[in-house]
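Subject: Handing over a structure

Dear colleague,

I am passing on a structure to you with this email, and I would be glad if you could look through it alongside the notes below.

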Amino acid sequence: MTPEQWEKVSEIYTAAAELDSGERKVFLEKMCAGDETLRREVESLLAANAQAGNFISEPLIKDISPFLKIKESNSLPGKTLGHYQIISRIGTGGMGEVYLAKDSRLNRLVALKTLPVSFLNHPNYLRRFETEAKAAASLN
């Protein structure tokens, strides 16, 4: 798709996201005017948004404050996790650490996020992590 086409996708998506499902169907039929590629792209973004829910609309700081005493670790660079060779740490946040890694299967650089071990017994945090991963995976 061209930048102009992506701009149109963005405009339609933004407007459609504000509508309820009944209004959205009519709106998409009108705005996409038979352009199935355009409609598929918009519907794909709407589905990803629905799947992601509100995982970034609420601040997590109050939920994760008990875990913020976790010490930062810089011990992963140079190690291998599965088929990922950890190169360096990119950043650290309340939900974990993000590393630059090389995917040895696909021979490409990726961002790899790890969660603190203390989160393993908290289904709510694991669910948010999974939702975040799915939302990120839906980006092109």
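The notes below go from the whole chain to pairs of elements and then to single residues.

Please keep in mind that this is a predicted model, in which local features need pLDDT of at least 70 and side-chain atom pairs count only at pLDDT 80 or more, while totals for chains, interfaces and linings use all residues. Residues are numbered from 1 along each chain as its sequence is written, and side-chain values use heavy atoms, with hydrogens and water left out.

To begin with the overall plan, the protein chain contains five helices and four strands, where helices (H or I, at least four residues) and strands (E, at least two) are DSSP runs numbered from the N terminus. Along the sequence these elements follow the pattern α-α-α-α-β-β-β-β-α. Of the 140 residues in the protein chain, 24% are buried; here buried means under 20% relative accessible area, exposed means over 50%, and partly exposed is in between, with a 1.4 Å probe and protein chains only. If one takes the contacts (heavy atoms within 4.5 Å) between residues at least 6 apart in sequence, 36% of them join residues at least 24 apart.

The next point concerns two helices. Helix α1, residues 3-17, packs against helix α2, residues 21-32, at an angle of about 160 degrees and with the axes 10 Å apart; the axes are lines fitted to C-alpha atoms, for helices over the stretch in contact, and angles run from 0 to 180 degrees between N-to-C directions. That angle makes α1 roughly antiparallel to α2, since angles over 145 degrees count as roughly antiparallel, those under 35 as roughly parallel, those from 65 to 115 as roughly perpendicular and the rest as oblique. The crossing of α1 and α2 is right-handed, a term used if the near helix is turned clockwise from the far one by less than a right angle, with left-handed used if it is turned anticlockwise. On the α1 side the contact is made by K8, I12, A15, A16 and A17, and on the α2 side by R24, F27, L28 and M31. Sorted by class, this contact has seven nonpolar, no polar and two charged residues, where Ala, Val, Leu, Ile, Met, Phe, Trp, Tyr, Cys and Pro count as nonpolar, Asp, Glu, Lys and Arg as charged, and the others, Gly among them, as polar.

Turning to the strands, β3 (residues 96-103) and β4 (residues 108-114) run antiparallel and are joined by seven bridges; two strands pair if DSSP finds at least two bridges between them. One of these pairs D103 with R108 in β4. The hairpin has four residues between its strands, and the loop there includes S104 and N107. S104 is exposed, with a relative accessible area of 53%, and its C-alpha atom is separated by 10.0 Å from that of T80, 24 residues apart along the chain. N107 is exposed as well, at 55%.

Which value does phi of N107 take? It is positive, about 50 degrees, although N107 is not a glycine. Most residues other than glycine have a negative phi. A33, in the loop between α2 and α3, also has a positive phi, near 40 degrees, and A33 is exposed, with a relative accessible area of 62%.

Finally, A133 belongs to helix α5, residues 123-137, and is partly exposed at 42%.

Best wishes
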